[in-house]
Structures are given as structure tokens and as C-alpha cells.
Amino acid sequence: MIRVTIWNEYFHEVKEETVKKVYPNGIHSALAEFLGKDEEIEVTTVTQHDENGELIENVGITDELLANTDVMIWWGHVRHGEVPDEIAMKVKNAVLEGMGMIFLHSAHHSKPFKLLMGTSCNLGWRESNDKERLWVIDHNHPIMRGINDRFFELPAEETYTEPFGIPDPDKLLMIGWYNGGEVFRSGCIWHRENGKVFYFQPGHETFPTFYNENVQTIIKNAVKWAAPVCPRIPLNCPWVARLEEK
Ligand code: ZN
């Protein structure tokens, strides 16, 4: 079983009626709903805020949770600053040790993503209900399994545009085009020491993006791709004895 932890800021869904209508039980529940149907996946959800919008201690992340997570999914937007630096560092280190990590949409500005990238992770944005056309660059990558057309479309998404302040991805899987004319690197992968990282751009809170079948397929594939194949590898720098006699 792949142990997946879905971490969600859970703020817009509590505070804004328009968002609550789209995701009545939170974005984490919408993600858990389709991922939990896969027999290879076991889902845990953790939120930064409770159902009243109150901050949860250590944003719900403990050492035990990280030790028992194979792949973490992160959605955050307006409360990145409340994530303690120490917790963000623990998430980063878990990735370096082998935990898979998927950052969705506005998680581009989350502390763990910025730590793992080492860059600003800035981008241009606009909320104008533009259509997005997501072009597949690498059909043969495991994350793209089942997306057989040249592209698929989302009727409305938040526009994200280049330049995107990230290090060059190990592989660019998708490019998003918006009918305002912009383009954006929408699906990117990186290896960070022992861990695999996927950034996926769709998922603005006011649109039903996480109910889209193609989006769900890609996130599910990404979980399987990012899952570690060996136990966690501790981060140390040991002195070692010679293996052979002189
Ligand atoms: Zn957004």
C-alpha cells in the first residue's frame, strides 16, 4: 500500500461561501475521495485549520505522520506564512530521505516547495475565468498514463504565467496555455536526493478542477510515480571503515 497524506490549508473552504459550494468538505476531502478508491492507496488527510478556520498546532504535522507517509500532497494559498519554518524543514528533509511530494497549484509559494527548489518560485497570475488547454509534452511518462490526446482542457482556471521562478525541471511533462495568450510550465518533476517531487498547476479553489477526470488521473499517477521503492534513507554523513585489508 502507498500511504498518502493529503495536507490542505483548509481556509478558503471554511471562510468563503463561493469556495464552500465547490468543495463543501474541503479540497483535501475531494482529493481523498478519488485517491481512496484506488486499492493501492491508503489516504490520511491533515489540515492547517479546523472547520472553524482556527489554526491547528504545528499545522497538523508530526514526526510520526512524516515517518508514516510515503507520498505527501500539499495544497496551500493564503496562509503559507503560518507554517512554522521548523515544520517546513522537516517536510523537506523527509523528501530528501525518500518521501514523495506533490505540490498542487498555489503550493508553488509554500515553504516546503521553496526550500526544495531554492528559488523564488514566483509567477504571474490573473483570475479572469480563462480557459486552460493543458498540452502533454511527454506521453510516455508514467504520470501521463491514460492521457492519450495531445491536450485536454479545463473550462476555467486561474491563469498562471511564465516566467516561473523554478530551477529547470528534470523533465517537463505539461505546458498550460490560457486563452488570454499566456503559457506556463504546468507539470514538472524533480529528484531531490532520494525523493521525487511533482508540481502540478491546476487547482484554483473556486473551480471544480479536482473533479476533472484527467486531473484526477494525473494526481493518481503522480502518487504511484513518487512513491519510494525502498525504506527511508537517513540523512547522515558517516565515517566509514575500509572494506578490504591493505
Ligand atoms: Zn489559485
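These legends describe close-up views of a predicted model. Local features need pLDDT of at least 70 and side-chain atom pairs count only at pLDDT 80 or more, while totals for chains, interfaces and linings use all residues. Residues are numbered from 1 along each chain as its sequence is written.

**View A. The largest nonpolar core has 57 residues.** Such a core is a set of buried Ala, Val, Leu, Ile, Met, Phe, Trp, Tyr and Cys residues joined through C-beta atoms within 7 Å. Buried means that 20 or more other C-beta atoms lie within 10 Å of a residue's own; exposed means 12 or fewer, and partly exposed is in between, with C-beta atoms placed from the backbone. Leu31, Ile73, Ile102, Phe198, Ala222 and Val223 touch the most other members. Helix 7 (residues 213–226) gives the largest share, six residues. Helices (H or I, at least four residues) and strands (E, at least two) are DSSP runs, numbered from the N terminus.

**View B. Leu31 touches Ile6, Ile73, Phe210 and Ile219.** Residues up to four places away in sequence are not counted. Contact means C-beta atoms, placed from the backbone, within 7 Å.

**View C. Helix 7 packs through its buried residues.** These are Val215, Ile218, Ile219, Lys220, Ala222, Val223 and Ala226. Their partners include strand 1 (2–8), helix 3 (27–35) and strand 11 (195–200).

**View D. Gln48 lies in the loop between strand 2 (41–47) and helix 4 (63–67).** Gln48 counts as buried because it has 22 C-beta neighbours inside 10 Å. The C-alpha atoms of Gln48 and Val59 are separated by 4.3 Å, though the two residues are eleven apart along the chain. Beyond four places in sequence, the contacts of Gln48 include Glu9, Tyr10, Arg79 and Glu82.

Definitions and conventions:
Contact = placed C-beta atoms within 7 Å.
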